[in-house]
Amino acid sequence: MTEIPQVTFDFDAILADASAAAGLDDFGDDSFREPLKVLLNALDTEANLTLAGRAGQYERLRNLLINRLKVEGWISRHPEILDEKIEAPVVIVGLQRTGSTYLHRILASDTRFYAPLWYEVRNPAPDLDWDFVSKDSRITAAEAEVAAMLEANPELAAIHPMDPVAADEDIMLLEHSFISTMPDAFCNVPSYGQWNDSHSNLPAYRYLKRLLQCLQWQKKRRGQQAQRWLLKTPHHLHHCATLLEVFPDAQILQTHRDPLQTIPSAASMNYNLWIMLSDDVDPKVVGEQWAGKFARGTRHTMAVRDQHPGAFLDVWYKDTVSDPLKVVERVYQFIGMPLTDAAREAMETYREANRRESRPSHDYTLEQFGFTEEGLKAMFAEYRERYLA
């Protein structure tokens with residue numbers, strides 16, 4: 001049996017560890033330093049992690065730092081990376097469990113989109129000696145990580161379809177800025193969440209753009225020639241104003257479903273992540289944190305929409321499930337791209353191969369997470385009145 005290492009969440013030590021592992025010392029701009037210090041302290045003092053959970057979170061943060069070093073290593077060797085234009089990205093936002101992953105992956109079947117793949121968002125920079133021809137070691141690592149996660153908690157497969165080479169959420173790119181809700185998804189770090197809520201996320205979105213430039217350059221090196229990025233994460237609900245500040249020509253698809261269905265499901269997903277790292281998890285704490293986050297996020301996006309009405313298209317979950325290709329037609333009209341026969345055929349192929357009934361059911365209750373129907377209706381009253389009345 002492999003012995004679990006004892007780790008300390010020391011800022012200087014983890015930077016030195018990452019630098020020694022990568023053989024590099026340039027982490028990029030310094031905006032990551034303060035949030036990383038806050039996160040390290042929260043993991044150490046609040047998260048109540050198991051020994052394995054501490055080791056796992058240390059390794060995840062170390063890996064993020066190594067990725068930052070590799071990104072800067074590639075940019076140093078190829079400064080033309082920063083000449084890449086990120087034009088008119090299509091960005092899917094919405095509450096968790098609103099069909100956004102399904103819509104994202106259907107649209108990503110169209111090769112005219114650059115889509116961030118799971119292994120790319122997890123590790124956005126390849127090894128500096130990779131030849132862009134042989135199998136990317138990031139794919140091998142991603143396959144092993146996904147397999148380990150599903151072995152540790154098979155319930156995750158029922159909640160989110162995990163595929164190392166499929167399109168996935170760019171929040172895992174934002175995570176490399178150490179300004180994101182990824183740590184909150186894995187464990188209880190309330191002081192870190194409060195720091196995020198009270199500080200600008202602009203550095204995170206600027207770093208997201210840098211990572212997209214790096215990935216776009218890589219994709220071109222591998223022969224992909226697309227037109228624009230297709231992004232997706234519920235996290236953008238909290239920061240749509242910042243998203244549009246960094247990507248002013250973004251076209252945003254907002255997915256909708258009643259929070260009475262989505263919020264308990266989202267809480268269940270995060271609960272199943274928390275229990276992988278801690279033996280002391282209160283599902284009601286998970287529910288309270290995530291319902292509060294998304295209530296604030298929906299109000300923020302509603303206010304942004306009032307200022308930028310032409311930047312958004314509404315997509316309802318029931319339509320995505322019942323007639324996804326009709327939804328796709330509306331999307332292409334909105335973004336001003338022709339829906340080609342080749343794209344339509346690829347989407348049909350994806351749809352046939354990825355029907356929801358092929359995955360296990362996801363079971364949960366409102367009461368499990370401290371919710372009541374009346375409470376959720378009150379918390380999301382403005383959102384429900386505008387989009388679900």
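# Pockets, cavities, cores and a sheet in a predicted model

Me: Which helices each supply at least two residues of the lining of the second largest pocket?
Reply: This is a predicted model, and the pocket in question has a volume of about 570 Å³. Of the 21 residues that line this pocket, the closest to its centre are A52, G56, A148, M276 and L277. The helices that each supply at least two residues of the lining of the second largest pocket are α3 and α6.

Me: Which helix gives the most to the lining of the second largest pocket?
Reply: When the lining of this pocket is sorted by class, it has 13 nonpolar, four polar and four charged residues. With seven residues, the helix that gives the most to this lining is α3.

Me: How many nonpolar residues does the lining of the largest cavity have?
Reply: The elements that each supply at least two residues of this lining include α5 (118-122), α6 (137-152) and α8 (171-174), and also α9 (182-186), α13 (259-274) and α14 (283-307). By class, the lining of the largest cavity has five charged and seven polar residues, while the number of nonpolar residues is 14.

Me: Which elements give two or more residues to the lining of the second largest cavity?
Reply: About 30 Å³ of space lies in the second largest cavity, and its lining is made of L39, Q57, R60, L61, E175, M182, P183 and F186. The elements that give two or more residues to this lining are α3 (51-77) and α9.

Me: Which residues have the most contacts inside the largest nonpolar core?
Reply: In soluble globular proteins, nonpolar side chains tend to be buried together. The largest nonpolar core of this model has 98 residues, and its largest share, ten residues, comes from helix α11 (residues 202-221). The residues with the most contacts inside this core are L36, L43, L61 and L65.

Me: Which are the edge strands of the open sheet?
Reply: Five strands form this open sheet with parallel pairing, and their order is β2-β3-β1-β4-β5. Each edge strand pairs on one side only, and the two are β2 (113-114) and β5 (312-316).

Me: What is the bridge partner of V91 in β4?
Reply: Strand β1, at residues 90-94, and strand β4, at residues 251-256, pair in the parallel sense over five bridges. The bridge partner of V91 in β4 is I252.

Me: Why does S100 count as buried?
Reply: S100 lies in helix α4, at residues 100-107, and it touches I92, K232 and T255 when residues up to four places away in sequence are not counted. Buried means a relative accessible area under 20%, and S100 counts as buried because its relative accessibility is 5%.

Me: How far apart in space are H104 and T255, C-alpha to C-alpha?
Reply: H104 also has its place in helix α4, and it is buried, with a relative accessible area of 1%. Leaving aside its neighbours within four places in sequence, H104 is in contact with I92, P116, A167, D168, L230, L231 and K232. H104 and T255 are 151 residues apart in sequence, whereas their C-alpha to C-alpha distance in space is 11 Å.

Me: What relative accessible area does E120 have?
Reply: The place of E120 is in helix α5, and, not counting residues up to four places away in sequence, E120 touches A115, L173, L215, K219 and R222. E120 is buried, and its relative accessible area is 0%.

Key: Residues numbered from 1 in each chain as written. Predicted model: local features only at pLDDT ≥ 70, side-chain atom pairs only at ≥ 80, totals over all residues. Heavy atoms only, no water. Helix = DSSP H or I, 4+ residues; strand = E, 2+ residues; numbered from the N terminus. Buried < 20%, exposed > 50% of the residue type's maximum accessible area, 1.4 Å probe, protein only. Contact = heavy atoms within 4.5 Å. Core = buried A, V, L, I, M, F, W, Y, C linked by side-chain atoms within 4.5 Å. Nonpolar A, V, L, I, M, F, W, Y, C, P; charged D, E, K, R; others polar. 1 Å grid on protein atoms, 1.4 Å probe; cavity = no way out; pocket = protein on both sides within 12 Å on 5 of 7 lines; lining within 4 Å. Points joined across faces, edges and corners; volume = space filled by probe spheres on them. Pairing = 2+ DSSP bridges.
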